[in-house]
Structures are given as C-alpha cells and as structure tokens.
Amino acid sequence: MGTLSSISFSAFDFNLGVKYPEIPTRFQSSKKTKSSCLLCGESIKRERVVGLKRLRWRCYSTSSNDDDGETSSSTTNKSKEDAEDHASLSSTPPPISPLGSAYNNFQVDSFKLMELLGPEKVDPADVKLIKEKLFGYSTFWVTKEEPFGDLGEGILFLGNLRGKREEVFAKFQTLLVEVTGNKYNLFMVEEPNSEDLDPRGGPRVSFGLLRKEVSEPGATTLWQYVIALLLFLLTIGSSVELGIASQINRLPPDVVKYFTDPNAIDPPDMELLFPFVESALPLAYGVLGVLLFHEVGHLLAAFPKKVKLSIPYFIPNITLGSFGAITQFKSILPDRSTKVDISLAGPFAGFALSLSMFAVGLLLSSNPNATEELVQVPSMLFQGSLLLGLISRATLGYASMHATTVAIHPLMIAGWCGLTTTAFNMLPVGCLDGGRAVQGTFGKNALIVFGLTTYTLLGLGVLGGPLSLPWGLYVLICQRTPEKPCLNDVTDVGTWRKTIVTVAIFLVVLTLLPVWDELAEELGIGLVSTF
C-alpha cells in the first residue's frame with residue numbers, strides 16, 4: 001500500500017456517470033481552454049474531448065512553459081497525453097487524502113507494521129551465502145524459495161536431493177555452523193504439496209531455515225513457576241476430594257445430600273469431613289503417584305537425548321483427581337523417533353503403576369478377609385470402560401457385579417482413575433502425548449485425520465462417557481495445537497514404533513469406550529434397569 005508525499009498532481013479523470021451517445025470519429029473534435037489551479041494558482045490546460053465520457057485537467061505548475069511556448073516538444077507531449085488518456089480510461093485515480101501531505105506521511109503500511117512487530121526474518125545476505133556454501137549439484141540443487149515458519153519469517157529451499165537424505169542433512173548442519181555461526185536452525189521437512197516421491201525412496205524433502213531465537217522455545221518465566229505451583233496444590237486438593245468421595249457410604253447424610261441433591265441449598269458443616277481426610281489419603285497418594293510416574297517417564301526418556309522439558313502444569317479434576325499435566329518441550333527435537341520415544345515414555349510409566357494398583361486392588365476386593373477396607377461404589381462405574389469393566393467382571397464374578405453397589409478396595413479406584421487419565425492423554429489429537437506420538441510416527445496429515453475423528457467421537461460421547469465434553473473442551477483450549485516439526489522431520493521411525501503406537505491407540509479406545517446397556521445386562525455388569 002503506497003503513500004503520497006506531495007500535492008503535485010499528474011492527471012485526474014472525472015467520470016460523472018453520464019452515458020453519452022457514441023459519435024463517429026469524423027465528428028469528434030477537441031477544444032483547449034485555460035483556467036487557474038485551485039491548489040497552486042498556476043495555469044491549467046483543460047482539454048475536453050467531445051464524445052468521450054470524461055473531462056480532463058492537467059496542472060503545469062511545475063513547468064515554466066505555457067501553452068503558447070510549446071513548439072519543439074509539442075509532438076512528444078501530445079503522444080504522452082494520448083498514452084495517458086488511454087491509461088486513464090481503464091484505471092481508477094489513486095485516493096487523495098483531503099488533509100494533505102501531513103496526514104499522508106503518517107499513514108503506516110500494515111505490512112511494514114507486521115514486519116516491525118513480528119519475529120526477525122532471515123538475513124538475505126546469509127541466504128545468499130548459504131546457497132553458495134551449502135547447496136550444490138552433489139547435495140541439494142535449489143530450484144525455488146518460499147516463506148517458512150508460522151509467519152513466513154524463514155526461508156524454505158525447494159529443489160532436488162542428490163544424495164542420501166540423512167548424510168546430506170548432517171553435512172548441512174555442520175557447514176551451517178561454519179558459515180553463519182550459531183545463528184540459524186536448519187530443518188529437513190517433507191516438500192509441501194508434493195505428489196511425487198523421491199527417486200531414492202520416501203517423500204521429497206526440502207530444507208527450512210529459521211533464526212534460533214525464533215525457532216527455539218523460550219525459557220520458563222517466574223509467573224509460569226507460580227502458576228504450576230498453584231495448579232499442583234489444587235491437584236492435591238482434588239485428589240483428596242476424590243478419596244473422600246469414595247467413602248460416600250460412610251459420610252454424614254447431610255454432606256451426601258448437599259452434594260447429590262440439586263435442591264439442597266444450605267451447606268453443611270465442612271468440619272464433618274475432617275475425620276475422613278486421613279482415610280482418603282491412600283487414594284490421593286495413588287492418584288498423585290501415577291501423575292509423578294508419568295512425568296518421571298518423560299524425563300528419563302528426554303535426558304539421554306538432551307531434550308529439555310518444561311515444568312509440568314497439573315490439571316485438577318474432581319472426578320478423576322486430575323486430567324494429567326501439560327509438559328512442553330523446551331528444546332527442538334532432533335528427529336521423529338525422539339518425539340515418539342519421549343511421548344510414549346510418560347503414558348507407559350503411568351500405565352504400569354496404574355495397572356499394578358488396579359490389579360492389586362482387584363485381588364483385595366475379591367479377598368473375603370479384607371472387607372473392612374472395602375468401599376461401596378455404584379456399579380455403573382464399571383460401565384464406563386469396556387476393557388476395565390470386562391476385567392472386573394471376570395475377576396469379581398456375576399453375583400458381585402450384578403448389583404446396585406459393588407464393594408472394592410481403594411487401590412482399585414486409584415488404578416482405575418490412573419488408567420482412565422492415561423488413556424485420555426493418549427488420545428491422538430493436538431499436542432497430547434498420543435497426538436505427539438501419532439504425529440511423529442505417521443506424520444502431520446495423519447494427525448489431522450486422527451484428530452478430527454477424536455473430536456467427533458468425544459462430541460458424540462462415544463469415548464469417555466460423561467467426561468467426554470469437559471475433556472474435549474480442555475483439549476480445544478489448551479492442547480489443540482500440533483507439536484512443531486523436528487530438525488529431521490522426514491526419517492521414518494521404524495516398524496516396531498509404528499506397531500507400538502497402533503496397539504496403544506487400540507487399547508485407549510477399549511479403555512474409553514463405555515459398555516452399552518445390552519452388553520452390560522447380558523454380562524451382568526451393574527443393574528441396567530436402575531439407571
């Protein structure tokens with residue numbers, strides 16, 4: 001968008017919107033008159049062409065020649081005027097601000113403003129140097145350049161690969177540091193909108209260049225530490241609340257009525273809950289233990305790869321104790337295999353502890369000598385998960401499960417909540433652990449398909465039951481954005497990683513898929529008629 005810096009005008013066309021009848025050429029005539037310019041006071045030569053739908057004025061305030069002095073340059077001026085007449089018929093005059101040049105000088109181009117406020121772009125001199133020193137006939141022949149990055153702050157080099165992609169990329173990374181220092185990060189990504197495969201196998205590749213301060217995540221701030229601490233304290237409270245709620249058959253009637261009866265208005269004396277806090281701690285410890293195991297799994301997988309992780313932001317939830325935690329990558333991942341390994345390590349660690357507590361709690365629930373430690377829970381709880389409901393039915397038997405309430409050990413509740421939370425975090429959507437694993441294993445396009453399918457199933461309540469809506473809103477608000485690409489975002493992760501991710505997604509679906517009424521009635525999981 002251009003701006004005007006002076007009040008000197010060249011040509012104006014005034015189209016009055018009147019349709020004149022077409023006049024044959026032989027009857028057309030022109031007449032020139034003189035007048036004064038309202039802006040500069042100098043003479044104006046006005047030319048009116050009969051038969052054309054316009055009047056045309058020209059200001060000659062910048063010229064010392066008048067109409068009578070035009071001799072030697074009359075032919076040239078006439079040809080220029082004819083060319084300008086032809087151009088003015090098919091163009092619209094630029095808008096002129098009525099406030100003059102003082103106002104126009106302060107007009108700011110929006111594109112220049114975006115460049116000023118946006119991230120720093122790649123230096124063109126460095127781009128030229130990189131093309132000369134890095135790329136070549138024997139490595140990668142550049143044929144085209146495109147913007148790269150979220151705001152186009154980088155450069156994407158497209159062309160033809162002339163060697164093995166891993167060897168070429170390793171060579172480029174070494175040369176980049178020698179040529180430009182520690183200023184840029186080079187990414188090897190799949191060529192966008194490419195339908196052809198590379199002749200050597202696999203997708204066609206291109207190389208993206210970004211400044212380090214633009215591409216690398218920022219450091220954790222003090223406020224982020226404060227927020228993480230507050231969320232952790234709230235998660236401790238929600239875990240204790242879950243432990244207290246699991247003793248619903250022992251709680252005072254006034255407290256139960258207040259939390260279960262929608263018509264209850266007067267709150268009870270909360271001091272009545274203090275005696276139940278101590279007995280709620282084992283369940284709270286189990287829920288928090290699963291969360292900590294999950295985060296330790298991420299750290300153990302990231303440490304050998306020299307990948308930095310942010311402090312976890314735990315998400316409290318009164319139904320499960322917690323929805324897990326948000327953990328960000330604080331450094332760029334080297335390749336897709338690293339992304340898959342770190343993403344799977346956390347859920348696998350949490351799954352191992354949760355499954356252990358669920359199995360031990362299930363055995364204690366079937367032990368007749370441990371009746372004093374058991375708590376009564378609604379049998380509809382076991383209809384929330386097809387996989388866990390079937391395992392519970394096979395262990396506890398038809399008589400125990402086909403009832404209004406079921407007596408189970410608190411460890412079983414902790415394991416159930418841990419397995420459900422782990423399954424939610426392994427859903428293949430956004431930057432959840434499951435989304436990162438699918439993106440690293442099958443690519444970003446596959447993640448889009450998996451994500452749309454997951455959102456649809458959550459919206460319909462097919463996965464997660466009553467927790468599908470709050471979990472879907474949580475993902476949309478906090479976790480919907482896919483993870484950024486790795487430095488080497490092309491090399492395949494291998495068959496065994498693909499197999500593990502596929503099996504994990506299948507188990508997630510079985511865990512979050514509720515038991516439908518017909519199957520529950522046939523298997524004796526709860527009393528369907530009471531719901």
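Guide: Let's start with a term: on a 1 Å grid over the protein atoms alone, a cavity is a set of points where a 1.4 Å probe fits but cannot get out, and lining residues have an atom within 4 Å of a point. This is a predicted model, where local features need pLDDT of at least 70 and side-chain atom pairs count only at pLDDT 80 or more, while totals for chains, interfaces and linings use all residues. Residues are numbered from 1 along each chain as its sequence is written, and side-chain values use heavy atoms, with hydrogens and water left out.

Now, the second largest cavity: its lining includes His294, Glu295 and His298, along with Ala325, Ile326 and Thr327. Helix H9, strand E10 and helix H14 (433-442) each give two or more residues; helices here are DSSP runs of H or I with at least four residues, and strands are E runs of at least two. H9 brings the largest share, three residues. The space comes to about 80 Å³, where a volume is the space filled by probe spheres set on grid points joined across faces, edges and corners.

For the largest cavity, the volume is about 130 Å³. Val290, Leu291, His294, Gly324 and Thr421 are the closest to its centre, out of 16 lining residues. H9, E10 and H13 each supply at least two residues of that lining.

Notes. On a 1 Å grid over the protein atoms alone, a cavity is a set of points where a 1.4 Å probe fits but cannot get out, and a pocket is an open set with protein on both sides within 12 Å along at least five of seven lines; lining residues have an atom within 4 Å of a point.
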